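I opened the notebook to go through this complex piece by piece.

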Amino acid sequence: MTTLQKTLRPLFLFSLLMAGLWLFPALSHAHTIRVFAWVAGDTVTVESGFSGGRPLIQGTVEVQNAENGTPLLQGKTNEEGIFTFSLTKTGQGKNIPLRIIVSSDEGHRNEWLLAAEADHAATEQNTTDPAATTPPPEILLSKKNSDEQLTRILAQLLDEKLKPIQRRLAQAEEQKPTLTDILGALGYLIGLAGIIAWMKSRR
Amino acid sequence: MRQTLALCLLSLLSLPTSLHAHFGMIIPSANTVDQQQPSVHLRLSFSHPFAGIGMDMERPAAFYTSKEGKREDLTARLSPATVMGHQGWSLDYSPKRPGVYWFVMEPQPYWEASEDLSIIHSTKTAVSAFDGDEGWAEPLGLKTEIVPLLRPFGNYGGNTFVGQVLLDGKPVPGSVVEVEYYDQNKDRAGQKALQAPSDAHVSQVVLADGRGIFTFSCPAAGWWGFAALNEGNFTLKNPQGKEKGVELGAVLWLYLDPFPRAGTAQ
């Protein structure tokens, strides 16, 4: 690749992307809210957006007990359409089902019923980085920490920090190597062996 | 323009003469999944959809789902099933995240003695999961495929399907596209199979324009199959070991919901 090509490549990719956006202007204007939520450990992640994929920013999230409709907690989605909360924060422990209602200022709303089977539902890659979201307030250390509390907090912290890794692991599990991958890897090995052989022969 | 016309005429001459067209088929139990119905049951076959006549199909060479460019191989998960009285394949699939899940079947070549050629129908259909609606217009990179220009879910009977025929990633001007309705009435208790007014109505035919784009208005709700048929630029051995031509079919299955009736006020 020449230097010129190298400089032009990002530009080319950018124009391609812009062309792509141009092709689908209508997709970003529809206004149906979509909601998707899942549990990983103690954390519930709520993902919301509009049809076409734009995130719902500053959407109101209301979490209810799905059986009796008791409101449990409220929050707002971030700039990526994500809102996370810990199950302990609902005040009813790990008890689900939960009804998660997401609404926008314009009055659009949709909901997701979080049932027990939904656990570990999200094994695919998520575009957002969960580490970027603020940790739940109970993680903050207080003076009266007993050993038990410390253990709990540590477990929670670990859960939080390991989440991206967990997700990536799950994703890796889902994408098993294909024959092409294996052949490709073999090709690399043969190629490397070839380079080594060539270098040896030069000596 | 003249080139297109010539191509159209050429294609007309090469129209297959069989009454009932063969169609690679992937028919999911629904083309959307939501929390109430979070999984689909898919039935794979090589059949005559309007007549409801099946044919035995060997285990497909490949079956996978493709979502936003990521593929998940499902070939090993297929289990034998009887479709229209013949050997077909089936599996249950539960989409895990919102998105458009394309299901793709690459069958093994089928030798059709009466047409003196092998047939390979690369077949695909889309399932929208949890309101996901991104990426449905992306080509999947198949040897040949129909790329929908009408979103392939959330449509009504009577809607017009628009698609572009690609072969080796390039549009096919003047491509022949056969269209057939999947008549499931025979399988339903107390229902009789549909009677076409004439044999010509069984498989309808539309030609793509100079950009490989075709349009077709489906007159009723249900499953509609579109098969863009082109000759492959290679040959395959027939069971007698002779090199013979190959018909490459790009098949897309589309479901149209019935338009809702207005409810009467209480």
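What share of the contacts in chain B with a separation of 6 or more comes from residues 24 or more positions apart? I looked that up before anything else. The share is 70%.

**Entry 1: confidence**

I note that this is a predicted model. The predictor gives the complex an ipTM of 0.71. The pTM is 0.70. For chain B I read an average pLDDT of 91. In that chain 92% of the residues score at least 70. I marked residues 8-18 of chain B, where the pLDDT is below 50. That stretch still has 13 contacts in the model beyond near neighbours in sequence.

**Entry 2: chain A inventory**

I counted 203 residues in chain A, and 18% of them are buried. The chain has three helices and seven strands. Read from the N terminus, the elements go α-β-β-β-β-β-β-β-α-α. I also took the contacts in chain A with a separation of 6 or more. Residues 24 or more positions apart make up 55% of them.

**Entry 3: sheets of chain A**

I traced an open sheet of three strands in chain A, in the order S1-S2-S5. Its pairing is antiparallel. Strand S1 (33-40) and strand S5 (82-86) of chain A are the edges, each pairing on one side only. The twist from one strand to the next averages 15 degrees.

I then checked the pairing of S1(A) with strand S2 (residues 43-50) of chain A. Eight bridges join the two, which run antiparallel.

Another open sheet has four strands, ordered S4-S3-S6-S7 in chain A. The pairing here is antiparallel. Strand S4 (71-76) and strand S7 (109-114) of chain A sit at the edges, and each pairs on one side only. For this sheet the twist averages 20 degrees from one strand to the next.

Inside this sheet I followed strand S3 (residues 60-65) of chain A. Five bridges connect S3 to S4(A), and the two run antiparallel. A:Glu62 stands opposite A:Gln74 in S4(A).

**Entry 4: chain B inventory**

Chain B has one helix and 19 strands. Of its 266 residues, 39% count as buried.

**Entry 5: the S7-S8 hairpin of chain B**

I zoomed in on strand S7 (residues 79-83) and strand S8 (residues 86-93) of chain B. They pair in the antiparallel sense over five bridges. B:Thr82 has B:Gln87 in S8(B) as its bridge partner. The two strands form a hairpin with two residues between them. In the turn, B:Met84 has a positive phi of about 50 degrees.

Next I picked B:Ser90, which lies in strand S8 of chain B. Is B:Ser90 buried or partly exposed? B:Ser90 counts as partly exposed, because it has 17 C-beta neighbours inside 10 Å, and buried would take 20 or more. B:Ser79 is eleven residues from B:Ser90 in sequence, but their C-alpha atoms are 5.5 Å apart. Leaving aside neighbours within four places in sequence, B:Ser90 is in contact with B:His41, B:Leu42, B:Arg43, B:Leu44, B:Ser79 and B:Ala81.

**Entry 6: strand S9 of chain B**

Why is strand S9 (residues 99-106) of chain B largely enclosed by the rest of the structure? Seven of its eight residues are buried, so the strand is largely enclosed.

I looked up its pairings. Strand S5 (residues 62-67) of chain B pairs with S9(B) in the antiparallel sense over five bridges. There the bridge partner of B:Ala62 is B:Glu106. S9(B) also pairs with strand S11 (residues 117-129) of chain B, in the antiparallel sense over seven bridges. B:Phe103 has B:Thr125 in S11(B) as its bridge partner.

**Entry 7: the nonpolar core**

I finished with packing. In soluble globular proteins, nonpolar side chains tend to be buried together. The largest nonpolar core here has 80 residues. Among those with the most contacts inside it are A:Ala37, A:Val46 and A:Ile100, along with B:Val165, B:Val177, B:Phe226 and B:Ala228. Strand S19 (residues 243-256) of chain B gives the most to this core, with eight residues.

I listed contacts of B:Ala228 beyond four places in sequence. They include B:Thr144, B:Ile146, B:Val165, B:Val172 and B:Ser175. B:Val177, B:Gly249 and B:Ala250 are also in contact with B:Ala228.

Terms used. Residues are numbered from 1 along each chain as its sequence is written. Chains are lettered from A and ligands numbered from 1 in the order in which they are written. Two strands pair if DSSP finds at least two bridges between them. pLDDT is the predictor's confidence in each residue, from 0 to 100. Two residues are in contact if their C-beta atoms, placed from the backbone, lie within 7 Å. A residue is buried if 20 or more other C-beta atoms lie within 10 Å of its own, exposed if 12 or fewer, and partly exposed in between; C-beta atoms are placed from the backbone. A nonpolar core is a set of buried Ala, Val, Leu, Ile, Met, Phe, Trp, Tyr and Cys residues joined through C-beta atoms within 7 Å. Axes are lines fitted to C-alpha atoms, for helices over the stretch in contact, and angles run from 0 to 180 degrees between N-to-C directions.
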